[in-house]
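Which residues build the interior of this chain, and how do its aromatic rings pair? Keep the structure open while reading.

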Amino acid sequence: MSAGKPIFVVRLKSVWFFAGALLLPVPLQAVLIAVSFTHEWYRVFRRRAVAHRKVFSACTVLLATAATTLVLAAFYPGVDPGRPLIAALGGPRGVIALVLAGVIYRLVNYALVVGAIIATNPDKPAHRALGPASDQLLIAAAVGLGYAVTLVMVHQPWTAPLLLVTILALHLGLLLPQFRAAARTDGKTGLVSAQWWHDQASAELERARRLGGPVGVLMLDLDHFKRINDRFGHPAGDDVLRAVAEAIRRAVRGTDLVGRWGGEEFAVLLPGVDTAGAAAAGERIRAMVSVLRVPTRDHTGQQVVVTDLTLSVGAGAFPTTAATVADVLLAVDAALYEAKNSGRDQVRLADVGAA
């Protein structure tokens, strides 16, 4: 399970994997899992060099489905190997076998995945690897749907399309909003993405153009961020980025839009704020970041606290600085570089017409 990936994608696959454990022998379960994970890796992850993680995840699922098959076989040892185990389930004994199989399926997969997360992230609290309780409810629902799929496939195969439409509707209804949220959110900092920020800024400036109000814009760059990565390591650098992002959020209003522009750069949209107000907001953010103390671990695993962080800030506003989003961004970006070239750790106001 990878961070940033919609949770429901991972949970929904349990429908098919648990159904496969009830319907298929272990070799065919392996084929089902291999095809599913290979397709997912090719469509989504092949550009991110995480093939080994997908192999590990596939193996944990295969072990979980195989354990499920063993549990059911223990309850029904005389079942013909070529006959689906689901066909033998019935009465209280079948309910107990099914519940126990579902629990074992979850525990085997869960224990392996959580163990790997804890082992590869020793600096993070163990409880963070466990995930929220709501995830367990989603898994229980997926296992129940998997059982329903197998019942329909064995006893009423002609009605299977009805159940598949139900699952597809759940998939789209819950998954699409998560994809939309993922598309507008920067996975590392939790801020909005650069594209989403730009789209919202364009809409806000158009609204301001109609109503005649100002919109402030800030571009911020964390000074000497490469030194932090070189000295403490990239995981520590990520912790610093998250801390700075949270400080920026706390320094502005709830209605202001804070985005990660890329790397160690951030952008802030300030509706209803003029040039002077934008400069004041930039100074407030700069001061808040300057007193941050970020606890983290360096590349040797030692506890360290990163301090003495500074920001260079470019500030401007529509329509005083420029009349379009592109021109405002150009002018504010030029002011940001002027701040950096003038010694960093300061706020510079964009020149009118600088774009």
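This is a predicted model: local features need pLDDT of at least 70, side-chain atom pairs count only at pLDDT 80 or more; totals for chains, interfaces and linings use all residues.

**Nonpolar cores**

The largest nonpolar core holds 34 residues. Inside it, L218, V244, V268, I285 and L309 have the most contacts. The top contributor is α10, with 9 residues.

L309 shows how such a residue is packed. Leaving out residues up to four places away in sequence, L309 touches L222, I228, V240, V244, V289, S290, L292 and V294. Another core lies apart from the largest one. This other core has 21 residues, among them W197, A322, V325 and V328.

**The β4–β5 hairpin**

Strand β4 (residues 294–297) pairs with β5 in the antiparallel sense, over 4 bridges. R297 stands opposite Q303 in β5. The hairpin has 5 residues between its strands, and G301 takes a positive phi near 90°.

**A buried threonine**

T68 belongs to helix α3 (residues 51–75). T68 has a relative accessible area of 0%, so it is buried. Its contacts, not counting residues up to four places away in sequence, are F18, A21, A101 and Y105.

**Aromatic pairs**

The model has 2 aromatic pairs.

| Pair | Ring centres | Plane angle | Class |
|---|---|---|---|
| F17 and F37 | 5.9 Å apart | 10° | stacked |
| W197 and W261 | 5.4 Å apart | 85° | edge-to-face |

Why is the F17 and F37 pair stacked? Their planes are at 10°, and planes under 30 degrees apart count as stacked. This pair links distant parts of the chain. F17 sits in helix α1 (residues 7–23) and F37 in helix α2 (residues 26–45), 20 residues apart. F17 is buried, at 4% relative accessibility. F37 is also buried, at 7%.

The planes of W197 and W261 are at 85°, so that pair is edge-to-face. W197 lies in helix α8 (residues 194–211) and W261 in strand β2 (residues 257–262), so the pair ties together parts 64 residues apart in sequence. Are these two tryptophans buried or partly exposed? W197 counts as buried, at 1% relative accessibility, whereas W261 counts as partly exposed, at 28%.

Terms used: Residues are numbered from 1 along each chain as its sequence is written. Side-chain values use heavy atoms; hydrogens and water are left out. A nonpolar core is a set of buried Ala, Val, Leu, Ile, Met, Phe, Trp, Tyr and Cys residues joined through side-chain atoms within 4.5 Å. Buried means under 20% relative accessible area, exposed over 50%, partly exposed in between (1.4 Å probe, protein chains only). Helices (H or I, at least four residues) and strands (E, at least two) are DSSP runs, numbered from the N terminus. Contact means heavy atoms within 4.5 Å. Two strands pair if DSSP finds at least two bridges between them. Rings of Phe, Tyr and Trp (its six-membered ring) pair if their centres lie within 6.5 Å; planes under 30 degrees apart count as stacked, over 60 as edge-to-face and the rest as tilted.
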